[in-house]
Amino acid sequence: TQLLEQSPQFLSIQEGENLTVYCNSSSVFSSLQWYRQEPGEGPVLLVTVVTGGEVKKLKRLTFQFGDARKDSSLHITAAQTGDTGLYLCAGARGGTASKLTFGTGTRLQVTL
Amino acid sequence: GAVVSQHPSRVICKSGTSVKIECRSLDFQATTMFWYRQFPKKSLMLMATSNEGSKATYEQGVEKDKFLINHASLTLSTLTVTSAHPEDSSFYICSARGYQETQYFGPGTRLLVL
């Protein structure tokens, strides 16, 4: 059972456009992480959000954790070709012993 | 930042043979390591969680006799795919976690069983 649904599944845009990726669940998570993965490589952590309503910015990327800690969004401003990749959200239910549940993934392709 | 390595990066083997994949935390002690499997264009699926010095905990549907996991030290975990078959072909990724919650991922191992 996939507890974290991401939308859209695939997004193809031109450089300079803005986009938002959503990560939704019916379950509450103590923390949520966003990763980016390139083909043939492991996921790279972008950010961790832990507080409901929290907003974090990483250059052109803005991450938000829902007030109820069930959903999150990733907004990219002025996308660049280097943003191309698979974006994964992953939730943890709590404690240092918790495991991650990964979302279904959003594949982003940014073209010139 | 914390670095996790995997070896080999890719392996091709004949059906029926066993393959061992190593996962190492290079600059921190990993109290817990995780093994994931990823199919093409899909997300990561957790296979098992291993804690140093104890038996691994497998996710539902993962055969423990098929995927042997050993976490003998705080810097090394191994995944052995026994009697591999073509359907075991996949991208296997490990992650390691120290005394904080953050998991650091390895670069993955691509297994192709002929």
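The dialogue below takes up the interface, then the cores.

Modeller: This is a predicted model: local features need pLDDT of at least 70, side-chain atom pairs count only at pLDDT 80 or more, and totals for chains, interfaces and linings use all residues. Residues are numbered from 1 along each chain as its sequence is written, chains are lettered from A in the order in which they are written, and side-chain values use heavy atoms, without hydrogens and water.

Biologist: How many residues of chain A are in contact with chain B?

Modeller: Contact means heavy atoms within 4.5 Å. By that rule, 22 residues of chain A meet 21 residues of chain B.

Biologist: Which side chains meet in a salt bridge?

Modeller: The term asks for a side-chain nitrogen of Lys or Arg within 4 Å of a carboxyl oxygen of Asp or Glu. The rule finds one across this interface. B:Glu59 pairs with A:Lys99 (2.8 Å, N to O).

Biologist: Which strand of chain A gives the most to the side that touches chain B?

Modeller: Strands are DSSP runs of E, at least two residues, numbered from the N terminus. Strand 4 of chain A gives the most, with four residues.

Biologist: What is in the largest nonpolar core?

Modeller: In soluble globular proteins, nonpolar side chains tend to be buried together. A nonpolar core joins buried Ala, Val, Leu, Ile, Met, Phe, Trp, Tyr and Cys residues through side-chain atoms within 4.5 Å; buried means under 20% relative accessible area (1.4 Å probe, protein chains only). The largest here has 25 residues. B:Trp35, B:Phe67 and B:Leu111 are among those with the most contacts inside it. Apart from it lies another core of 20 residues, including A:Leu19 and A:Ile76.

Terms used:
Buried < 20%, exposed > 50% of the residue type's maximum accessible area, 1.4 Å probe, protein only.
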